[in-house]
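Work through the exercises below with the model in view, and try each task before reading its solution.

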6 protein chains.
Amino acid sequence: MPIVQIDLLEGRTVEQKRELVTKVTEAISESVNCSKDNVTIILRDMPTHHLAKAGVLKCDE
Amino acid sequence: MPIVQIDLLEGRTVEQKRELVTKVTEAISESVNCSKDNVTIILRDMPTHHLAKAGVLKCDE
Amino acid sequence: MPIVQIDLLEGRTVEQKRELVTKVTEAISESVNCSKDNVTIILRDMPTHHLAKAGVLKCDE
Amino acid sequence: MPIVQIDLLEGRTVEQKRELVTKVTEAISESVNCSKDNVTIILRDMPTHHLAKAGVLKCDE
Amino acid sequence: MPIVQIDLLEGRTVEQKRELVTKVTEAISESVNCSKDNVTIILRDMPTHHLAKAGVLKCDE
Amino acid sequence: MPIVQIDLLEGRTVEQKRELVTKVTEAISESVNCSKDNVTIILRDMPTHHLAKAGVLKCDE
């Protein structure tokens, strides 16, 4: 029953997100030995002014 | 002090969300014996290309 | 497909948590018109030194 | 390696968010003795119909 | 800068978790075209009385 | 009404966590102009085998 939340910078295409959930589900299913049917993934887009590293917004890097 | 985060598929009306937070707050208050005043709920809408089950995006089902 | 995360102060019994997930699932199913089968709930216990309101830890209140 | 998620009511300016991540990063770095470089912050805006206290949506207060 | 949170049922070995983070990082890096260095993963173990599907705790299934 | 979740490596003292929530609450209150009373902070400890950067568990670095 792995529940996955992935926050990533906005701008990726639906096609990239399609590949992302397929590959991440496979990776989880193989490594922790669970059925793919049990994997739930939530994606969240982040604008660059909503992510900061070392106190600096991504949009200001 | 329960803090609740609910990710749900987009498309629900404000009226449905009004009923949702009222009923969920009641359910929590009754079952874990806490004041309704202490319950905080965050709702997040998910587009169908941001939720996946068994490696398949909701929009592709 | 609502995915729910509930952080609550530790100390509740399994019986209370059993009632909590049953009632919250019902509340969600009724209000946003989705099947109970589609509701996933994650519970997380918080010790009182891991929750703060107004800058004060719960254990210091 | 602190990872911080801050959900806040929408309406703040990028300038306020710039100050927010700078000050929160400093506060964390000073108090738990870690390098600022290791602090990651995710911000999420909440519309007033996506936050509820005591079972009442913010937009209905 | 993908930030990933994975809640999974407790009981997996450190070796399984080692493989999990390696494979998930690869999956993300390949699909959304970002450097592996930028992928952060948080794992959280769930006891079976902290996960519910369709209103039923995992431990009661 | 900012709701803050901070995942940090385990090992910090309650005293450090006390200072952490005080300083983070101040930082938020000052920068986004909200009352300290409205700031809620959840802390979560991460063992080093539950945090990964670039596909490598912290405990393996």
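**Exercise 1: the contact**

The contact takes 25 residues from chain A and 25 residues from chain E, where contact means heavy atoms within 4.5 Å. This is a predicted model, in which local features need pLDDT of at least 70, side-chain atom pairs count only at pLDDT 80 or more, and totals for chains, interfaces and linings use all residues. Residues are numbered from 1 along each chain as its sequence is written, chains are lettered from A and ligands numbered from 1 in the order in which they are written, and side-chain values use heavy atoms, with hydrogens and water left out.

Task: find how much area chain A and chain E bury between them.

Solution: Chain A and chain E bury about 2,300 Å², 63% of it on carbon and sulfur atoms; buried area is the accessible area (1.4 Å probe) that two parts lose on being put together, summed over both. M1(A), S31(A) and V32(A) then supply 25% of the area that chain A buries against chain E, more than any other three residues.

**Exercise 2: the salt bridges**

Task: state how many salt bridges there are between chain A and chain E.

Solution: The count is two, a salt bridge being a side-chain nitrogen of Lys or Arg within 4 Å of a carboxyl oxygen of Asp or Glu. One of them joins K23(A) to E30(E), with the closest N and O atoms 3.0 Å apart.
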